[in-house]
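Please read this briefing alongside the sequence and the model.

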Amino acid sequence: MTRLPPYPGTTGRRDWRGALDAVRRLMRDADDTRQVFRIMRALNVGNAPANYARLIATAEGGRMAYERVELAELLGDGDAIAGFAPGSVGAAYRDFLAATGYSADGLVAVSELDHADAWAAAHPYGWMGRRIRDLHDLWHVLTGYEADDPLGEAALVAFSFAQVGGLGWALIALAAALKSVAVTRSGLFARAVWEGYRHGRAAAWLVGEDPRALLHEPLATARARLGIRDPRAYHRARRELRDALQAFGGASRAAG
(Lines give C-alpha, C1' and ligand atoms only; values in the text may rest on other atoms or scores of the structure.)
Protein backbone atom coordinates (compact mmCIF):
# COMPACT_ATOMS: atom_id res chain seq x y z
CA MET A 1 0.00 0.00 0.00
CA THR A 2 1.15 3.54 -0.74
CA ARG A 3 2.54 5.29 2.33
CA LEU A 4 1.92 8.97 3.00
CA PRO A 5 3.50 11.26 5.61
CA PRO A 6 1.85 11.48 9.05
CA TYR A 7 -0.48 14.27 10.05
CA PRO A 8 1.61 17.40 10.76
CA GLY A 9 2.41 17.88 14.42
CA THR A 10 1.47 14.38 15.57
CA THR A 11 3.80 12.11 17.51
CA GLY A 12 2.64 8.80 16.08
CA ARG A 13 2.45 7.32 19.57
CA ARG A 14 -0.54 5.38 20.88
CA ASP A 15 -2.04 6.31 24.25
CA TRP A 16 -2.81 2.89 25.70
CA ARG A 17 -3.46 4.21 29.20
CA GLY A 18 -6.09 6.65 27.95
CA ALA A 19 -7.63 4.01 25.68
CA LEU A 20 -7.97 1.44 28.46
CA ASP A 21 -9.53 4.00 30.78
CA ALA A 22 -12.02 4.94 28.05
CA VAL A 23 -12.94 1.34 27.26
CA ARG A 24 -13.58 0.63 30.97
CA ARG A 25 -15.94 3.59 31.06
CA LEU A 26 -17.63 2.45 27.86
CA MET A 27 -18.16 -1.08 29.17
CA ARG A 28 -19.76 0.38 32.32
CA ASP A 29 -22.07 2.62 30.29
CA ALA A 30 -22.71 1.53 26.72
CA ASP A 31 -24.47 4.84 25.99
CA ASP A 32 -21.33 6.87 26.71
CA THR A 33 -20.44 7.34 23.05
CA ARG A 34 -17.92 10.01 23.98
CA GLN A 35 -15.57 7.24 25.12
CA VAL A 36 -15.61 5.72 21.64
CA PHE A 37 -13.98 8.82 20.23
CA ARG A 38 -11.43 8.87 23.08
CA ILE A 39 -10.43 5.33 22.15
CA MET A 40 -10.17 6.19 18.47
CA ARG A 41 -7.95 9.20 19.12
CA ALA A 42 -5.74 7.16 21.44
CA LEU A 43 -5.19 4.13 19.21
CA ASN A 44 -6.05 4.84 15.59
CA VAL A 45 -2.70 6.49 14.97
CA GLY A 46 -1.91 6.63 11.25
CA ASN A 47 -5.34 5.31 10.29
CA ALA A 48 -6.46 8.34 8.27
CA PRO A 49 -3.26 8.55 6.20
CA ALA A 50 -3.42 4.82 5.43
CA ASN A 51 -7.03 4.95 4.30
CA TYR A 52 -6.51 8.16 2.35
CA ALA A 53 -3.59 6.55 0.51
CA ARG A 54 -5.74 3.53 -0.25
CA LEU A 55 -8.57 5.73 -1.53
CA ILE A 56 -6.51 7.79 -3.96
CA ALA A 57 -4.94 4.61 -5.32
CA THR A 58 -8.35 3.41 -6.58
CA ALA A 59 -9.83 4.23 -9.98
CA GLU A 60 -12.40 6.72 -8.66
CA GLY A 61 -10.77 7.62 -5.35
CA GLY A 62 -8.69 10.46 -6.71
CA ARG A 63 -11.80 12.17 -8.04
CA MET A 64 -13.68 11.74 -4.75
CA ALA A 65 -10.70 13.03 -2.78
CA TYR A 66 -10.45 16.03 -5.10
CA GLU A 67 -14.18 16.81 -4.74
CA ARG A 68 -14.07 16.30 -0.94
CA VAL A 69 -17.82 15.85 -0.50
CA GLU A 70 -18.73 16.17 3.20
CA LEU A 71 -20.94 13.19 3.98
CA ALA A 72 -22.54 14.82 7.02
CA GLU A 73 -23.97 17.45 4.68
CA LEU A 74 -25.05 14.87 2.12
CA LEU A 75 -26.66 12.55 4.69
CA GLY A 76 -28.15 15.47 6.59
CA ASP A 77 -30.02 16.89 3.59
CA GLY A 78 -33.60 16.08 4.55
CA ASP A 79 -35.08 17.01 1.17
CA ALA A 80 -32.65 14.77 -0.68
CA ILE A 81 -33.17 11.87 1.74
CA ALA A 82 -36.95 12.19 1.37
CA GLY A 83 -36.69 11.78 -2.39
CA PHE A 84 -35.00 8.37 -2.61
CA ALA A 85 -36.99 5.65 -4.35
CA PRO A 86 -38.52 2.81 -2.31
CA GLY A 87 -36.16 -0.14 -1.97
CA SER A 88 -33.04 1.96 -2.46
CA VAL A 89 -30.16 2.31 -0.02
CA GLY A 90 -31.23 5.91 0.51
CA ALA A 91 -34.78 4.86 1.38
CA ALA A 92 -33.46 2.29 3.85
CA TYR A 93 -31.29 5.01 5.39
CA ARG A 94 -34.36 7.24 5.64
CA ASP A 95 -36.21 4.44 7.45
CA PHE A 96 -33.20 3.99 9.74
CA LEU A 97 -33.29 7.66 10.75
CA ALA A 98 -37.03 7.52 11.38
CA ALA A 99 -36.78 4.35 13.47
CA THR A 100 -33.82 5.42 15.61
CA GLY A 101 -34.26 9.18 15.83
CA TYR A 102 -30.60 9.54 14.88
CA SER A 103 -29.23 12.14 12.51
CA ALA A 104 -25.98 12.84 10.72
CA ASP A 105 -25.69 16.09 12.66
CA GLY A 106 -26.12 14.25 15.96
CA LEU A 107 -23.16 11.99 15.24
CA VAL A 108 -21.05 15.02 14.35
CA ALA A 109 -22.05 16.77 17.58
CA VAL A 110 -21.01 13.82 19.77
CA SER A 111 -17.68 13.48 17.99
CA GLU A 112 -16.91 17.15 18.53
CA LEU A 113 -17.47 17.19 22.28
CA ASP A 114 -13.69 16.90 22.55
CA HIS A 115 -11.07 18.05 20.03
CA ALA A 116 -13.55 19.73 17.69
CA ASP A 117 -10.65 21.45 15.95
CA ALA A 118 -9.18 18.10 14.91
CA TRP A 119 -12.45 17.01 13.27
CA ALA A 120 -12.75 20.32 11.43
CA ALA A 121 -9.16 20.27 10.17
CA ALA A 122 -8.72 21.61 6.64
CA HIS A 123 -6.49 18.71 5.67
CA PRO A 124 -7.01 15.58 3.53
CA TYR A 125 -6.61 13.37 6.61
CA GLY A 126 -9.21 15.40 8.49
CA TRP A 127 -11.60 14.88 5.58
CA MET A 128 -10.90 11.14 5.60
CA GLY A 129 -11.55 10.92 9.34
CA ARG A 130 -14.89 12.68 8.89
CA ARG A 131 -15.73 10.42 5.95
CA ILE A 132 -15.22 7.24 8.00
CA ARG A 133 -17.15 8.72 10.94
CA ASP A 134 -20.09 9.77 8.79
CA LEU A 135 -20.34 6.40 7.00
CA HIS A 136 -21.12 4.64 10.28
CA ASP A 137 -24.92 4.80 10.14
CA LEU A 138 -24.97 4.03 6.42
CA TRP A 139 -22.98 0.89 7.22
CA HIS A 140 -25.65 -0.08 9.74
CA VAL A 141 -28.11 -0.02 6.85
CA LEU A 142 -25.89 -1.95 4.45
CA THR A 143 -24.83 -4.66 6.90
CA GLY A 144 -28.15 -5.16 8.70
CA TYR A 145 -26.60 -4.62 12.14
CA GLU A 146 -29.20 -2.79 14.22
CA ALA A 147 -28.23 0.38 16.05
CA ASP A 148 -30.64 -0.12 18.95
CA ASP A 149 -28.62 -2.72 20.85
CA PRO A 150 -24.98 -3.15 21.90
CA LEU A 151 -24.69 -6.39 19.91
CA GLY A 152 -25.38 -4.57 16.64
CA GLU A 153 -22.85 -1.90 17.51
CA ALA A 154 -20.19 -4.42 18.57
CA ALA A 155 -20.65 -6.44 15.38
CA LEU A 156 -20.41 -3.29 13.25
CA VAL A 157 -17.30 -2.18 15.17
CA ALA A 158 -15.66 -5.51 14.28
CA PHE A 159 -16.81 -5.10 10.66
CA SER A 160 -15.32 -1.59 10.67
CA PHE A 161 -11.99 -2.83 12.01
CA ALA A 162 -11.79 -5.27 9.12
CA GLN A 163 -12.64 -2.50 6.66
CA VAL A 164 -10.50 0.41 7.82
CA GLY A 165 -8.07 -0.94 10.42
CA GLY A 166 -7.34 0.98 13.60
CA LEU A 167 -6.66 -0.71 16.92
CA GLY A 168 -9.39 1.37 18.57
CA TRP A 169 -12.05 -0.59 16.71
CA ALA A 170 -10.40 -3.87 17.67
CA LEU A 171 -10.18 -2.97 21.37
CA ILE A 172 -13.87 -2.03 21.57
CA ALA A 173 -14.97 -5.21 19.79
CA LEU A 174 -12.76 -7.41 21.96
CA ALA A 175 -13.89 -5.75 25.20
CA ALA A 176 -17.56 -6.10 24.26
CA ALA A 177 -17.10 -9.77 23.34
CA LEU A 178 -15.33 -10.54 26.63
CA LYS A 179 -17.97 -8.69 28.64
CA SER A 180 -20.71 -10.60 26.84
CA VAL A 181 -19.40 -13.96 28.06
CA ALA A 182 -19.58 -12.79 31.66
CA VAL A 183 -23.00 -11.16 31.26
CA THR A 184 -24.81 -13.73 29.10
CA ARG A 185 -22.93 -16.92 30.03
CA SER A 186 -22.96 -17.67 26.33
CA GLY A 187 -20.60 -17.43 23.39
CA LEU A 188 -23.30 -16.29 20.95
CA PHE A 189 -22.50 -12.59 21.29
CA ALA A 190 -18.77 -13.18 20.76
CA ARG A 191 -19.47 -15.36 17.71
CA ALA A 192 -21.61 -12.58 16.22
CA VAL A 193 -18.76 -10.11 16.75
CA TRP A 194 -16.30 -12.48 15.09
CA GLU A 195 -18.76 -12.91 12.22
CA GLY A 196 -18.83 -9.13 11.83
CA TYR A 197 -15.05 -9.10 11.43
CA ARG A 198 -15.11 -11.95 8.90
CA HIS A 199 -17.85 -10.27 6.89
CA GLY A 200 -15.90 -7.02 6.89
CA ARG A 201 -12.89 -8.84 5.49
CA ALA A 202 -14.98 -10.54 2.81
CA ALA A 203 -16.82 -7.43 1.63
CA ALA A 204 -15.61 -4.84 -0.84
CA TRP A 205 -13.91 -1.79 0.63
CA LEU A 206 -16.90 0.42 1.40
CA VAL A 207 -14.87 3.58 2.01
CA GLY A 208 -14.06 3.58 -1.69
CA GLU A 209 -17.72 3.67 -2.73
CA ASP A 210 -19.25 6.95 -3.88
CA PRO A 211 -22.21 7.43 -1.50
CA ARG A 212 -23.98 9.73 -3.96
CA ALA A 213 -24.38 6.80 -6.36
CA LEU A 214 -24.73 4.15 -3.67
CA LEU A 215 -27.75 5.84 -2.07
CA HIS A 216 -29.71 5.46 -5.32
CA GLU A 217 -28.85 1.77 -5.76
CA PRO A 218 -31.39 -0.90 -4.74
CA LEU A 219 -30.40 -2.16 -1.30
CA ALA A 220 -30.42 -5.85 -2.26
CA THR A 221 -28.37 -5.12 -5.38
CA ALA A 222 -25.83 -3.08 -3.42
CA ARG A 223 -25.39 -5.80 -0.81
CA ALA A 224 -24.84 -8.43 -3.48
CA ARG A 225 -22.42 -6.28 -5.49
CA LEU A 226 -20.39 -5.37 -2.41
CA GLY A 227 -20.27 -8.93 -1.07
CA ILE A 228 -22.07 -8.08 2.19
CA ARG A 229 -23.25 -11.36 3.68
CA ASP A 230 -26.33 -12.12 5.74
CA PRO A 231 -25.26 -11.93 9.43
CA ARG A 232 -26.77 -15.20 10.60
CA ALA A 233 -24.81 -15.49 13.83
CA TYR A 234 -25.87 -11.95 14.69
CA HIS A 235 -29.55 -12.68 14.07
CA ARG A 236 -29.35 -15.81 16.21
CA ALA A 237 -27.61 -14.03 19.06
CA ARG A 238 -30.03 -11.11 18.92
CA ARG A 239 -32.97 -13.51 19.05
CA GLU A 240 -31.68 -15.77 21.82
CA LEU A 241 -29.99 -13.15 24.01
CA ARG A 242 -32.62 -10.42 23.79
CA ASP A 243 -33.23 -10.21 27.55
CA ALA A 244 -29.60 -10.67 28.56
CA LEU A 245 -28.48 -7.84 26.28
CA GLN A 246 -30.29 -5.33 28.51
CA ALA A 247 -27.49 -5.87 31.03
CA PHE A 248 -25.15 -4.00 28.71
CA GLY A 249 -26.86 -0.78 29.69
CA GLY A 250 -29.20 -0.15 26.78
CA ALA A 251 -28.51 0.85 23.23
CA SER A 252 -25.06 2.20 22.49
CA ARG A 253 -23.82 4.11 19.47
CA ALA A 254 -20.25 3.63 18.34
CA ALA A 255 -18.93 6.02 15.80
CA GLY A 256 -16.32 6.16 13.07
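**Overall fold**

Of the contacts in the chain (heavy atoms within 4.5 Å) with a separation of 6 or more, 77% are between residues 24 or more positions apart. This is a predicted model, in which local features need pLDDT of at least 70 and side-chain atom pairs count only at pLDDT 80 or more, while totals for chains, interfaces and linings use all residues. Residues are numbered from 1 along each chain as its sequence is written, and side-chain values use heavy atoms, with hydrogens and water left out.

- The chain has 17 helices and zero strands, both being DSSP runs numbered from the N terminus (helices H or I, at least four residues; strands E, at least two).
- Its radius of gyration, taken over C-alpha atoms, is 17 Å, close to the 18 Å that the globule rule (2.2 Å times the number of residues to the power 0.38) gives for 256 residues, so the chain is as compact as a globular protein of that length.
- Buried residues (under 20% relative accessible area, with exposed over 50% and partly exposed in between, for a 1.4 Å probe and protein chains only) make up 50% of the 256 residues.

- Not counting residues up to four places away in sequence, Leu-142 touches Val-89, Leu-206, Leu-214, Leu-219, Ala-222, Arg-223 and Ile-228.

**Helix pairs**

- Helix 2 (residues 34–43) and helix 13 (residues 167–184) pack at an angle of about 135°, with their axes 7 Å apart; axes are lines fitted to C-alpha atoms over the stretch in contact, and angles run from 0 to 180 degrees between N-to-C directions.
- Helix 2 is therefore oblique to helix 13, since angles under 35 degrees count as roughly parallel, over 145 as roughly antiparallel, 65 to 115 as roughly perpendicular and the rest as oblique.
- Helix 3 (residues 47–56) and helix 10 (residues 124–134) pack at about 90°, with axes 9 Å apart, which makes helix 3 roughly perpendicular to helix 10.

**Pro-6**

- Pro-6 lies in the segment before helix 1 (16–28) and is exposed, with a relative accessible area of 59%.
- Pro-6 and Phe-37 are 31 residues apart in sequence and 20 Å apart in space, C-alpha to C-alpha.
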